[in-house]
Amino acid sequence: MTSKLTTQANRPERLSEFPAFPPRDDMQNAIYLYDEGHQPALRLHFGNRPNVLVLAEVPIYWYPSRYPRIPDLTVAFDINRPGVIDRNGYSIEEHGKPPDFVLEVASPTTARNDYTDKREDYAAFGIPEYWRFDPTGGRRYDTALAGDRLADGVYRRVEISGSVESALWGRSDVLGLDICWEGGRLRWWNPETRVYLETHDELAGARLAEQEARLVEHEAYLAEREARLAAEARIRELEAELGRQTDP
């Protein structure tokens, strides 16, 4: 497929200014991305480096005359993350490459656009992987979980294993992670460590468990100290009593 973007003549090298976009009233990001804490989990997984971008709702531009696409989640490697945040958008010309990975979460009002027009545009942008996650199990999208990998300018479907009744998963070569649909939840599985990237609740639970373990340990230390002090006091009493008994 010939990219419809590369055929445009006289494209400016970079945008002079990114426009401000009004906030969206779609709650899907808040429920399935923000509350779960997938952005910080991925940032930590990739070392939280300034040349790695993991961010939601970043406008992606190829040239100013075309309306940008705003994925629910964008991951890009070997770019200037502070520059993207400062400019409030990702210019492909400016960074010399498209983002490496984008993901959309199905919403009630824009779902069909995600697996039709957006899919076509992301391929034209040259984005290596495009994933779609439908928490409803495929009532909004054409399927509950789908991944597309760019090959010769055309998206080819990534093999998805499992079933909605159990779980679905597919390998993201770009991220080196398995993307999972589990009972309507989005999860990231690290095949090297064989554990999931932890959500906010899991991290908070681990911290709480650690605090509780420290409290138990401290209470055991106090009990042991009190027992030792009591024993030492008793020894002193016995020594004093013995001393009185042996005095002439």
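Helix H6, residues 117-125, to begin. Its buried residues are Lys118, Asp121, Tyr122, Ala123, Ala124 and Phe125. Keep in mind that this is a predicted model.

Lysine 118 is buried, and so is aspartate 114. Their side chains meet in a salt bridge, 3.7 Å from N to O. Side chains of opposite charge can pair when their charged atoms come close.

The structure has seven aromatic pairs. One of them joins phenylalanine 46 and phenylalanine 77. The ring centres are 5.1 Å apart and the planes stand at 80°, so this pair is edge-to-face. Where do phenylalanine 46 and phenylalanine 77 lie? Phenylalanine 46 is in the loop between H2 and S1, and phenylalanine 77 is in strand S3, so the pair ties together parts that are 31 residues apart in sequence. Phenylalanine 46 counts as buried, at 10% relative accessibility. Phenylalanine 77 is buried too, at 16%.

Back to the helix, then. Tyrosine 122 and tyrosine 130 make another edge-to-face pair, with 4.8 Å between centres and 70° between planes. Tyrosine 122 is buried, with a relative accessible area of 0%. Tyrosine 130 is buried as well, also with 0%. Both belong to one aromatic cluster, made up of Tyr122, Phe125, Tyr130 and Tyr155.

Next, the sheet. Six strands form an open sheet, ordered S1-S3-S5-S6-S7-S8, with mixed pairing. S1 and strand S8, residues 154-157, are the edge strands, and each pairs on one side only. Neighbouring strands are turned by 15° against each other on average, ignoring direction.

S1 and S3 run antiparallel and are joined by four bridges. Within that pairing, leucine 53 stands opposite alanine 76 in S3. Helix H2, residues 38-45, packs on the sheet here and touches S1 and S3. The direction of H2 makes about 165° with that of S1.

Now the other salt bridges. How many does the structure hold? The count is 13. Lysine 97 and aspartate 100 form one of them, at 2.8 Å from N to O. Is aspartate 100 buried or exposed? Aspartate 100 counts as buried, because its relative accessibility is 14% and the cut-off for buried is under 20%.

Another one links arginine 149 and aspartate 173, at 3.4 Å from N to O. Arginine 149 sits in strand S7, residues 145-151, and aspartate 173 in the loop between S10 and strand S11, so this bridge ties together parts 24 residues apart in sequence. Arginine 149 is partly exposed, at 26% relative accessible area. Aspartate 173 is exposed, at 53%. There is also a network of salt bridges, and it links Arg119, Arg132, Asp142, Asp148 and Arg157.

Serine 172 is in strand S10, residues 167-172. Serine 172 is buried, with a relative accessible area of 0%. What does its side chain reach? The side chain of serine 172 reaches the backbone nitrogen of leucine 175, at 3.1 Å. Leaving aside neighbours within four places in sequence, serine 172 is in contact with Phe101, Glu129, Trp131, Arg149, Leu177 and Ile179. Arg149 is in that list, and arginine 149 is the salt-bridge partner of aspartate 173.

Last topic: backbone angles. Most residues other than glycine have a negative phi. Which way do glutamate 57 and aspartate 78 go? Glutamate 57 is not a glycine, yet its phi is positive, about 55°. Glutamate 57 is in the loop between strand S1, residues 52-55, and strand S2, residues 60-61. Glutamate 57 is partly exposed, with a relative accessible area of 29%.

Aspartate 78 has a positive phi as well, near 60°. Its place is the loop between strand S3, residues 73-77, and helix H3, residues 81-87. At 60% relative accessibility, aspartate 78 counts as exposed. So the cut-off matters here, because exposed means over 50% and partly exposed lies between that and 20%.

How values were computed:
Residues are numbered from 1 along each chain as its sequence is written. Side-chain values use heavy atoms; hydrogens and water are left out. Helices (H or I, at least four residues) and strands (E, at least two) are DSSP runs, numbered from the N terminus. Buried means under 20% relative accessible area, exposed over 50%, partly exposed in between (1.4 Å probe, protein chains only). A polar contact is a pair of N or O atoms within 3.5 Å; within protein, one must be able to donate a hydrogen and the other to accept it, and residues adjacent in sequence count only if both atoms are side-chain atoms. Contact means heavy atoms within 4.5 Å. A salt bridge is a side-chain nitrogen of Lys or Arg within 4 Å of a carboxyl oxygen of Asp or Glu. Two strands pair if DSSP finds at least two bridges between them. Axes are lines fitted to C-alpha atoms, for helices over the stretch in contact, and angles run from 0 to 180 degrees between N-to-C directions. Rings of Phe, Tyr and Trp (its six-membered ring) pair if their centres lie within 6.5 Å; planes under 30 degrees apart count as stacked, over 60 as edge-to-face and the rest as tilted.
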